[in-house]
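Hi everyone, thanks for coming.

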Amino acid sequence: MNNFIAIEFYEKKTNLLKDCIYMNDRLFASVDDLDLLNELIEKRGAIVHDLDTLNVIVDDSIKNLLSDEQKAMIDRLVTMLIDQDQGLLEILNEKRSELLNFIKNTVKTKNVIKYIAAEVSDNGSYMNFKK
């Protein structure tokens, strides 16, 4: 009976890890689409929550019944997931920096345009205009 539970645990855990890896692949492909990115992050969060729940409800004695091959497969999947997460974090940080720089430049340009537009009055004389 415990072996059956261990096999079921292994299958469920590897499927969830594979789902998470698949979701990361979709995240990599969607880093420029913020709406889709948020949706995918929420879905990935639900998968991670399911993984956490699975680890909590299954007793360690059941986990110890897994073969060395099964444990190695889970470790490989977790390692792949961690590597993907690190790469995704780097890409998202780059995108965030690009977006912040774009916003800063847009605000500066807007302020310069406002100043230039207010610099010359109707009669052609200059005035110092600040809001």
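Predicted model: local features only at pLDDT ≥ 70, side-chain atom pairs only at ≥ 80, totals over all residues.

**From surface to core**

Is phenylalanine 102 buried or exposed? Its relative accessible area is 55%, so phenylalanine 102 counts as exposed, the cut-off being over 50%.

Now to the inside. The largest nonpolar core has 22 residues, and the two that touch the most other members are Leu17 and Leu66. Helices H1 (2-29), H2 (34-57) and H4 (68-119) each give two or more residues to this core. Which of them gives the most? That would be H1, with 9 residues.

Leucine 66 is worth a click on your screens. Beyond its neighbours within four places in sequence, leucine 66 contacts Ala6, Phe9, Tyr10, Lys71 and Ile74.

Next, have a look at lysine 63, in helix H3 (residues 60-63). Why does lysine 63 count as buried? Because its relative accessibility is 18%, and buried means under 20%. Again setting aside neighbours within four places, lysine 63 is in contact with Phe9, Asn55, Val58 and Lys71.

Last stop, H2. This helix has 24 residues and spans 35 Å from first C-alpha to last, close to the 34 Å expected. Its buried residues include Leu37, Leu40, Arg44, Ile47, Leu51 and Leu54. As a reminder, an α-helix has 3.6 residues a turn, so residues three or four places apart point the same way.

Notes. Residues numbered from 1 in each chain as written. Heavy atoms only, no water. Core = buried A, V, L, I, M, F, W, Y, C linked by side-chain atoms within 4.5 Å. Buried < 20%, exposed > 50% of the residue type's maximum accessible area, 1.4 Å probe, protein only. Helix = DSSP H or I, 4+ residues; strand = E, 2+ residues; numbered from the N terminus. Contact = heavy atoms within 4.5 Å. Expected span 1.5 Å × (residues − 1).
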